[in-house]
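Good morning, everyone, and thank you for making time for this.

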Amino acid sequence: MAVQSQALSTAVDYVKAPLVYKGKVRELYDLGEHFLIVVTDRISAFDYVLEPAVPDKGNVLNRLSAFWFDVTKEMQPNHVVHTDVALLGDIITEPELLKNRIMVTRKAERIDIECVVRGYITGGGWRQYEATSAINGIELPEGLRKNERFPEPIFTPAAKNDVGHDEDIPFERMSELVGAELAAELRDRSLELYRFAHEYCKERGIILADCKFEFGLIDGKVILIDEIFTPDSSRFWSEGNYAYDVEIDSMDKEPVRTYLLGSNWDRNSMPDPLPSTVVIATTARYREIYRRLTGGEL
């Protein structure tokens with residue numbers, strides 16, 4: 001078993017460049033021509049960034065994204081310039097600490113749409129269907145069962161909000177926001193990426209239930225940005241756990257969600273620090289999905 005490594009909550013003390021954005025997990029630094037993305041081990045659930053951070057989570061997220069960006073770059077150009085910490089010189093004061101966490105990217109104009117593809121009816125999509133018989137305005141047949149696979153994946157976009165939750169919207173509303181031609185291009189590119197990754201995962205005993213993408217524009221061309229097919233942006237199930245009408249244990253931060261839902265936390269205040277057993281189990285989940293998808297070890 002791999003040795004439990006130290007968790008990284010922030011990289012601000014190790015990067016000699018301006019911090020321009022701090023998300024729940026990622027930090028964005030301005031290198032001038034490019035951006036530097038550093039992926040920390042912070043973990044969030046139910047809109048709270050929790051304590052403590054989860055060792056190796058950031059390593060997995062960054063290395064998985066780099067892997068997927070590389071294998072999909074011919075079908076979909078992306079923003080990656082490189083992931084080599086040595087090329088950053090003295091900008092990084094602790095290169096060994098950050099070596100698997102960095103991604104230097106081109107600067108794109110972000111399109112404020114979260115491009116969600118669902119291959120199975122589960123999660124928020126299932127809750128919409130139960131209430132309305134539709135998902136994002138897409139009318140669906142009666143009698144679908146929870147976790148059932150759609151005959152074809154569906155595209156269910158959301159309007160991005162930097163504060164609060166993203167807003168599920170019909171495709172028609174997306175077309176109004178970004179233009180019909182760009183909306184259709186984003187939908188088609190998202191569906192193509194999902195189909196490719198679904199087949200890749202299937203060969204490795206994993207079901208890619210749903211996922212989300214972010215795109216940007218560089219010189220008017222659509223570029224894939226942010227992260228891709230990670231446990232934080234996708235729902236992975238082990239094929240051995242697949243069943244209808246149940247909550248399937250996802251290959252991600254499920255130990256954290258399960259713990260919080262089973263605790264006496266009031267959902268309205270910052271939770272107490274996570275027990276070490278939950279942190280260790282969550283690290284193991286992230287390492288396992290990395291191993292199964294790439295064949296590599298951390």
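Predicted model: local features only at pLDDT ≥ 70, side-chain atom pairs only at ≥ 80, totals over all residues.

Let me begin with T282, which lies in helix α7, residues 276–294; helices here are DSSP runs of H or I with at least four residues, strands are DSSP runs of E with at least two, and both are numbered from the N terminus. Residues are numbered from 1 along each chain as its sequence is written, and side-chain values use heavy atoms, with hydrogens and water left out.

Is T282 buried or exposed? T282 is buried, with a relative accessible area of 0%, where buried means under 20% relative accessible area, exposed means over 50%, and partly exposed is in between, using a 1.4 Å probe and protein chains only. Its side chain reaches the backbone oxygen of V278 at 2.7 Å. If we leave aside the neighbours within four places in sequence, T282 is in contact (heavy atoms within 4.5 Å) with I43, V54, K253, P255 and V256.

Now to another helix. Helix α5, residues 180–202, has 23 residues and reaches 33 Å from its first C-alpha to its last, close to the 33 Å expected at 1.5 Å a residue, the expected span being 1.5 Å times one less than the number of residues. Among the buried residues of α5 are L182, L186, L193, A197 and C201. As background, an α-helix has 3.6 residues a turn, so residues three or four places apart point the same way.

Next, some details of the backbone. The peptide bond from E51 to P52 is cis, with omega near -10 degrees, and P52 is found in the loop between β5, residues 48–50, and α1.

Which residues have a positive phi although they are not glycines? F46 has a positive phi of about 50 degrees, and F229 also has a positive phi of about 50 degrees. F46 is found in the loop between β4 and β5 and, at 28% relative accessibility, counts as partly exposed. F229, by contrast, lies in the loop between β16 and β17 and is buried, with a relative accessible area of 0%.

That is where I will stop, and I am happy to take questions.

How values were computed
Polar contact = N/O pair within 3.5 Å; in protein donor to acceptor, adjacent residues only side chain to side chain.
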